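Let's take a friendly walk through a model and the surroundings of its ligands. Have the viewer ready, and follow along residue by residue.

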Amino acid sequence: MSLKDKLDLQRLPRHIAIIMDGNGRWAKEKGQDRLYGHHEGVESVRTIVEACAELGIGYLTLYAFSTENWDRPVYEVNGIMELLVNTIRKEVNTLTKNNIRLHVIGDMNMLPPQAQREMEEAVSITSANTGLNLVMALSYSARWEIVNAARKVAEDVTAGKLKPTDITQDVWQQYLCTAALPDPELMIRTSGECRISNFLLYQLAYAELYFTDTRWPDFRKENLYEAILNYQTRERRFGKTSEQIQQNEEIIS
Ligand code: IPE
Ligand code: IPE
Ligand code: MG
């Protein structure tokens, strides 16, 4: 029995978020340049997108580049941007063929103009697709997002469009880049680092976290199924007691 057959298809996470980490170390371990790791990481992206589409997962968010990553050596940043443009150009038809809708979250103004155009075009081409929502976090950081949202809220209050007492969690959510997305239920980070690195700090409040030593370029469908299986063993209590959760499940079933 493969890991896929063990999955409870009734209890799949609706939204999976992944910090795709370990490309550089993976390449160095092979005596290669860090960029080789980023190139090989693209194959993992393809595979995992395909796996999520096959399973019928609603949303997959991939952390591809953080605002802090701009501080890497220029050679690496340029290599990643080039890879991004080429990959999007190559993959947009496959996305459409598979009914996948692309979204981008992050500070797009920081991207080179060509990368911005390429991304905008791909988002627009796939906007009518109704299958998997693939969210690329690009030039993204949660602190940037939260400060940006606070600024927009302040502007709307100043303009009289919003009263301070109107600001509820639901309203606040509408000011985030992820306004249209449900919160992730499962967050996976590859390559052995156990930290969040400025990713979806607000939205991950109740996500189940899964850390694996596997480097991103080695991450394949079986690794994803393993993460989901692990998620399915968790009891999500949201502050309640275990007894309350079990009673509720009995009522539902
Ligand atoms: C993740 O891999 C990709 C990006 C951050 C762009 P890294 O490049 O961080 O790889 P490691 O963590 O140095 O191995
Ligand atoms: C987080 O990885 C960002 C992405 C995977 C895009 P990093 O490699 O940049 O994170 P740190 O620096 O190890 O925390
Ligand atoms: Mg890293």
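## Two ligands and their surroundings

Helix H2 (23-29), helix H3 (34-55) and helix H4 (74-97) each contribute at least two residues to the shell around ligand 1. H2 gives the most to this shell, with 3 residues. Helices here (H or I, at least four residues) and strands (E, at least two) are DSSP runs, numbered from the N terminus.

Before going further, please keep in mind that this is a predicted model, where local features need pLDDT of at least 70, side-chain atom pairs count only at pLDDT 80 or more, and totals for chains, interfaces and linings use all residues. Residues are numbered from 1 along each chain as its sequence is written, chains are lettered from A and ligands numbered from 1 in the order in which they are written, and side-chain values use heavy atoms, with hydrogens and water left out.

### Ligand 1

There are 13 residues around ligand 1, and Asp 21, Gly 24, Arg 25, Arg 34 and Arg 72 come nearest. A residue is counted as near a molecule if one of its heavy atoms lies within 4 Å of it. By class, the shell holds 3 nonpolar, 5 polar and 5 charged residues. For these classes, Ala, Val, Leu, Ile, Met, Phe, Trp, Tyr, Cys and Pro count as nonpolar, Asp, Glu, Lys and Arg as charged, and the others, Gly among them, as polar.

### Ligand 2

Around ligand 2, the neighbours include Tyr 63, Phe 65, Asn 69 and Arg 72. Strand S2 (residues 59-66) gives the most to this shell, with 4 residues. The shell divides into 5 nonpolar, 3 polar and 4 charged residues. Here the polar contacts listed below come from side chains, those of Asp 21, Arg 189 and Ser 197. Of the 390 Å² of accessible area that ligand 2 has on its own, the protein covers 78%.

| Residue | Ligand atom | Distance |
|---|---|---|
| Asp 21, side chain | oxygen of ligand 2 | 3.2 Å |
| Arg 189, side chain | oxygen of ligand 2 | 3.3 Å |
| Ser 197, side chain | oxygen of ligand 2 | 2.6 Å |

### The pocket and the annotations

A pocket is an open set of points on a 1 Å grid over the protein atoms alone where a 1.4 Å probe fits, with protein on both sides within 12 Å along at least five of seven lines; its lining residues have an atom within 4 Å of a point.

Asp 21 lies in the loop between strand S1 (15-19) and H2. An unreviewed UniProt entry annotates Asp 21 and Asn 69 as "active site". Although spread over 49 residues of sequence, they cluster in space, with a largest C-alpha distance of 12.0 Å. Both Asp 21 and Asn 69 belong to the lining of the largest pocket. UniProt annotations may be inferred rather than shown by experiment.

Note on methods
Polar contact = N/O pair within 3.5 Å; in protein donor to acceptor, adjacent residues only side chain to side chain. Areas by Shrake-Rupley, 256 points an atom, 1.4 Å probe, with all protein chains shown as cover.
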